[in-house]
Amino acid sequence: MHEAPPASPAASPASPATSPAAPAEPLSHGLKQRHLTMLGLGGVIGAGLFVGSGAGIAVAGPAIVVSYLIAGALAMLVMRMLGEMSAAMPASGAFSVHAERALGRWAGFTVGWLYWFLLVVVLAVEATAAAQIAHGWVPGVEPWAWVLVFMVVFTVANLTAVKNFGEFEFWFASLKVGAIVVFLVLGGLAVFGLLPDTEPVGLTNLTGQGGFLPNGWSGVVSGVLTVVFAFGGLEVVTIAAAETDDPARAVGRAVRSAVVRILFFYVGSMLVIVTVLPWTAQQAGLSPYVKVLDTIGVPSAGQIMNIVVFVALLSALNANLYGSSRMVFSLAERGEAPRGLLKVSGGPAESAGSGGASGAGGVQEGADGSRDARGERGGVPRRAVLASVAFGFVSVLLNLLWPDTVFLYLLNSVGAVLLFVWALIAASQLRLRARLEEEAPDALALRMWCFPYLTWVTLAGLSGVLLLMLTDDAARPQVLWSAGATALVLLVAVGREWRERQRSRAHEPEVPAWTDR
């Protein structure tokens, strides 16, 4: 049920609690609970953790553990808010639909297109990084050829059936989670000197080399700016929930199981790293996981971690392709993207006036739609997938041809978009929670903790991170470029609403003056 409110701007804020009675999702329901659970766990475990965490350690020292606690707490609060809204109102557009219902069409349009733009740009970074690793293994194949292979494989997987996406992500996430669990076990044994040729480490590395806070609290803050974006990806689980048999139950279970475990994986692995090795031994750009595994004598640690990072990149590539296609499909359903993207496999697309699953005149499935709903086959928004892939290819080409100019500007323009999206999620939850409690309290199967106080804390925290980014020379361009991109999308959204109001006024019948007498 990812229909949006009718096109009338006035109707938009009044509709959130009515979704339980909405028509069924036109997409396939081929995802299972195990898919969603592993997507919730593995969705935020990526190359940013395995490689990028070295930069955070370099600026914060052992206090990077505190940086991850702060950034992780923000991410988990956002995930809880997303879970609450998605359990009450499952939608393939997820937070874009929620923003529209809470704040108006301008908000749904803005957050939906910003998130889509973020995914198709980052997709190029992931594809190129994975290609570089594969090129190192097989030097005879050029990186651009590997990019082509990866894009084609995951495009085909996403075009066939949603269960293919789910299976890829299940096994990718399983490998990533398994790698972290093994790392935590080996690292824990090394800390206590239980591995061959190791001595108990104690607290030496936590208190030496300048102490736990070698760069003070400013180092902790810099660490937060470095690591907060590693938690990006948690949003996909709420998008995917709409394609399960029981979205409300599935997303609730996935969010509950993921929240504590993700914090444990991130914070636990950072604690192991800074305990086993002096923080001064870490280098930005070099995986701290490899350094630890080398130190405790794991053979071929570098290649093992290369495989894990490679899988993490492919997992992110697959998830971003899926998320971008569903987001643009949802936008099309609500009349915020070209209606040609509404074609769903397994049934003919109907005319624009057919009504259907969207208040904007979405597409209903044909006679075989029931088969799609059971997830046996079809129910895939193929045109939306191809449109996202096409723009993803453009991003890849820009990255290959002009990595330090055109693509750098693109990358900067999405650098802080994730924080803007999270802020709109929090603002939407603030509005929808009160409305749901009044109109449909039974729909609140999963509730945000300490509402509304923690929601306000989250908004304050996100605002603080953005302000701190403005004071950082390296991060400032990302905030400014992202603010410019957001302002441009917002301007288009407001312009669309103004034009629709003008059209509706032009079609209103004139009221004779004598009727007031």
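**Exercise 1. List the buried residues of helix α5 and work out how enclosed this helix is.**

Solution. Start with the residues: in this predicted model, the buried residues of α5 are F95, S96, V97, H98, A99, E100, R101 and A102. Here buried means under 20% relative accessible area, with exposed over 50% and partly exposed in between, for a 1.4 Å probe and protein chains only. Helices are DSSP runs of H or I with at least four residues, strands are E runs of at least two, and both are numbered from the N terminus.

Next, take the helix as a whole: α5 spans residues 95-103 and eight of its nine residues are buried, so the rest of the structure largely encloses it. Then look at what does the covering, which includes α4 (64-88), α6 (105-137), α11 (236-240), α14 (301-333) and α18 (417-439). Contact here means heavy atoms within 4.5 Å. Finally, step just past the helix, where G104 has a positive phi of about 125 degrees.

A note on conventions before going on: residues are numbered from 1 along each chain as its sequence is written, and side-chain values use heavy atoms, leaving out hydrogens and water. Because the model is predicted, local features need pLDDT of at least 70 and side-chain atom pairs count only at pLDDT 80 or more, while totals for chains, interfaces and linings use all residues.

**Exercise 2. Describe the aromatic pair that F95 forms, then turn to F183.**

Solution. Rings of Phe, Tyr and Trp (its six-membered ring) pair if their centres lie within 6.5 Å; planes under 30 degrees apart are stacked, over 60 edge-to-face, and the rest tilted. The whole structure holds 19 aromatic pairs. One of them joins F95 and Y115, edge-to-face, at 4.8 Å centre to centre and 90 degrees between the planes. Since F95 lies in helix α5 and Y115 in helix α6, this pair ties together parts that are 20 residues apart in sequence. Both F95 and Y115 are buried.

Now for F183 and Y289: their ring centres are 4.6 Å apart and their planes at 50 degrees, so this pair is tilted. F183 belongs to helix α8 and Y289 to helix α13 (residues 288-295), so the pair ties together parts 106 residues apart in sequence. F183 and Y289 are both buried.

**Exercise 3. Find where T275 sits and decide whether it is buried or exposed.**

Solution. First, the location: T275 is in helix α12 (residues 247-276). Second, the accessibility: T275 has 8% relative accessibility, so it counts as buried. Third, the neighbours: leaving aside residues up to four places away in sequence, T275 touches V191, V201, G202, N205 and L206.

**Exercise 4. Identify the charged end that sits over the ring of F170.**

Solution. The criterion is NZ of Lys or CZ of Arg within 6 Å of the ring centre and within 35 degrees of the ring normal. The residue you want is R34, whose charged end lies over the F170 ring, 4.7 Å from its centre.
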